[in-house]
Amino acid sequence: MIESAIVWLVVGAVAGWLAGLIMKGYGFGLLGNIVVGILGAVIAGWLLPWLGFVLVGGIVGAIINAVIGAVILLAIIGLFKKKT
């Protein structure tokens, strides 16, 4: 149980950090990156299979999925930030 929580935190941190680099200007610090990465993993876990994309498992697949979802999340956040 503890190990899986640690894996979620590490995957979230890495995915959030990579998504911040991809989306340039969206760095939220360590805790923010973890939240963005975990939310990105949830978004990708729901959206990608619905679109017909399934990546292989493992830690690398989890990070890729989470990065894709986090980039989508940051793009949506960017749309709302520019309107206000």
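Reader: Hi! Before we start, what kind of model is this?

Author: Hello! This is a predicted model, so please keep that in mind as we go.

Reader: What share of the residues is buried?

Author: Of the 84 residues in the protein chain, 32% are buried. As for the surface, the chain exposes about 5600 Å², and carbon and sulfur atoms supply 80% of that area.

Reader: What about contacts between residues 24 or more positions apart?

Author: Among contacts with a separation of 6 or more, 71% are between residues 24 or more positions apart.

Reader: Can you show me some residues in helix α2? Let's take A44. Buried or exposed?

Author: A44 lies in helix α2. The relative accessible area of A44 is 3%, and buried means under 20%, so A44 counts as buried.

Reader: What does A44 touch, apart from residues up to four places away in sequence?

Author: A44 touches P49, N65 and G69. Here is another pairing to look for: the C-alpha atoms of A44 and V71 are separated by 9.8 Å, and these two residues are 27 residues apart along the chain.

Reader: G69 is on that list of contacts. Which residue has its C-alpha atom 8.2 Å from that of G69?

Author: That would be L47, which is 22 residues from G69 along the chain. L47 lies in helix α2, and L47 is buried, with a relative accessible area of 17%.

Reader: Okay, and N33? Where is N33, and what is N33 in contact with?

Author: N33 has its place in helix α2 too. Leaving aside neighbours within four places in sequence, N33 is in contact with G12, A13, G16, W17 and F28. N33 is buried, with a relative accessible area of 10%.

Reader: Changing topic: how many aromatic pairs does a search of the whole structure find?

Author: A search of the whole structure finds one aromatic pair. The pair is W46 and W50: their ring centres are 6.1 Å apart and their planes are at 5°, so the pair is stacked.

Reader: Why do you give both a distance and an angle?

Author: Because a pair of aromatic rings is described by the distance of the centres and the angle of the planes.

Reader: Where are W46 and W50 in the chain?

Author: W46 and W50 both lie in helix α2, residues 29-51, and they are four residues apart, about one turn of the helix.

Reader: Are these two buried or exposed?

Author: W46 counts as exposed at 61% relative accessibility. W50 is exposed as well, with a relative accessible area of 63%.

Reader: Speaking of the surface, which residues make the nonpolar patch?

Author: The patch is made by V7, L55, I59, V60, I64 and I68, and it has an area of about 480 Å².

Reader: Which helix gives the most to the patch?

Author: Helix α3, residues 58-83, gives the most, with four residues.

Reader: Last one! How far apart are G29 and I59 in space?

Author: They are 22 Å apart, C-alpha to C-alpha, and 30 residues apart in sequence. G29 has its place in helix α2, and G29 is partly exposed, with a relative accessible area of 41%.

Reader: Thanks, that helps!

Definitions and conventions. Residues are numbered from 1 along each chain as its sequence is written. This is a predicted model: local features need pLDDT of at least 70, side-chain atom pairs count only at pLDDT 80 or more; totals for chains, interfaces and linings use all residues. Side-chain values use heavy atoms; hydrogens and water are left out. Patches are made of residues with over 30% relative accessible area and no salt bridge: like charges are joined within 9 Å, nonpolar side chains (Val, Leu, Ile, Met, Phe, Trp, Tyr) within 5 Å. Accessible areas come from the Shrake-Rupley method with a 1.4 Å probe; for residues, only the protein chains shown count as cover. A salt bridge is a side-chain nitrogen of Lys or Arg within 4 Å of a carboxyl oxygen of Asp or Glu. Helices (H or I, at least four residues) and strands (E, at least two) are DSSP runs, numbered from the N terminus. Rings of Phe, Tyr and Trp (its six-membered ring) pair if their centres lie within 6.5 Å; planes under 30 degrees apart count as stacked, over 60 as edge-to-face and the rest as tilted. Buried means under 20% relative accessible area, exposed over 50%, partly exposed in between (1.4 Å probe, protein chains only). Contact means heavy atoms within 4.5 Å.
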